[in-house]
Amino acid sequence: GGVLYVVGTPIGNLSDLSDRAREVLAGVNVVACEDTRHTRKLLSHLGLSVPTISYHEHNRFSRLSGLMERLLRGERIAMVSDAGMPGISDPGEELIREAVEQDIPVIPVPGPSAALSAVVASGLSPQPFLFIGFLPRNSRDRTAELTRWKETPATLIFYEAPHRILAMLKDVARVLGDRRAAVARELTKKHEEWLRGTVTECIHRLEEEKPRGEFTVVVEKALLEQTGKEDRPASWWRALTIQEHVDW
Ligand code: SAM
């Protein structure tokens with residue numbers, strides 16, 4: 001019968017694609033992907049010529065019935081996004097939900113995700129964490145959204161575009177307070193870099209040159225004065241640290 005595989009792909013480093021991901025991609029009838037040109041490049045790097053079909057932000061509803069028909073006919077479909085795990089600030093949710101509703105098995109084939117990679121190496125507690133992803137683009141809506149999470153006792157994970165990272169961090173400092181944070185840039189790539197310090201310290205460092213590349217931001221959970229609960233050592237992270245690229 002039909003199977004929907006949700007396949008993780010690299011977030012920058014091609015060696016992160018698992019053997020299992022490759023086997024699954026080799027064995028499906030079609031790969032549903034955001035950008036067919038981007039995914040065909042990955043497939044040809046793997047030596048595969050499996051057909052692709054576009055499934056992205058703008059056709060995720062119109063493509064749904066066609067993909068479901070194929071699954072119900074017994075086809076095996078792999079869903080990938082341009083990078084990382086599908087569904088994590090990427091398309092995937094609707095097709096997965098529909099497949100679950102129609103009793104089509106949905107099988108995750110785990111791969112890298114910027115969010116998980118960032119939180120585990122941040123130095124902040126991953127228990128519990130809250131993945132927020134992209135905040136609204138304008139400051140007013142961003143402020144409203146941040147206000148919702150202000151008292152949440154969980155480490156917060158955000159994605160942000162390089163041209164908005166400074167504005168976003170300034171809103172984080174203003175709304176959530178000057179918490180500790182880790183800013184991960186270009187994870188798994190040649191120019192991977194980490195800033196760990198208070199949000200304000202990270203802002204000052206990022207203001208030194210135009211931010212470039214892909215950013216994931218991890219922010220400490222609600223501060224003592226916001227929750228009334230003491231649960232972290234006071235001396236932790238006294239000053240900004242910069243971790244430049246280290247060869248693997
Ligand atoms: N589905 C992906 C995942 O599982 O990580 C995320 C897709 S989302 C459209 C893209 C955003 O993820 C980027 O704007 C950036 O914030 C973050 N991101 C992706 N790759 C990254 C990397 N190599 N280093 C840091 N952040 C990254």
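**Contacts and cores in a predicted model**

In this predicted model, 74% of the contacts in the chain with a separation of 6 or more are between residues 24 or more positions apart. The secondary structure consists of 9 helices and 11 strands. With a radius of gyration of 20 Å, close to the 18 Å that the globule rule gives for 248 residues, the chain is as compact as a globular protein of that length. Its C-alpha atoms fill a box of roughly 60 × 40 × 30 Å along the principal axes.

Of the 248 residues, 35% are buried. In soluble globular proteins, nonpolar side chains tend to be buried together. Here the largest nonpolar core has 34 residues. The members that touch the most others in this core are Ala118, Ile157, Ala181, Ala182, Val183, Val218 and Val219. Both helices and strands supply the core: two or more residues come from each of the helices α5 (114-122), α7 (165-176) and α8 (199-206), and likewise from each of the strands β6 (129-134), β7 (155-160), β8 (180-185), β9 (193-198) and β10 (215-219). Helix α7 gives the most, with 5 residues.

Note on methods. Residues are numbered from 1 along each chain as its sequence is written. This is a predicted model: local features need pLDDT of at least 70, side-chain atom pairs count only at pLDDT 80 or more; totals for chains, interfaces and linings use all residues. Helices (H or I, at least four residues) and strands (E, at least two) are DSSP runs, numbered from the N terminus. The radius of gyration is taken over C-alpha atoms; the globule rule is 2.2 Å times the number of residues to the power 0.38. A residue is buried if 20 or more other C-beta atoms lie within 10 Å of its own, exposed if 12 or fewer, and partly exposed in between; C-beta atoms are placed from the backbone. Two residues are in contact if their C-beta atoms, placed from the backbone, lie within 7 Å. A nonpolar core is a set of buried Ala, Val, Leu, Ile, Met, Phe, Trp, Tyr and Cys residues joined through C-beta atoms within 7 Å.
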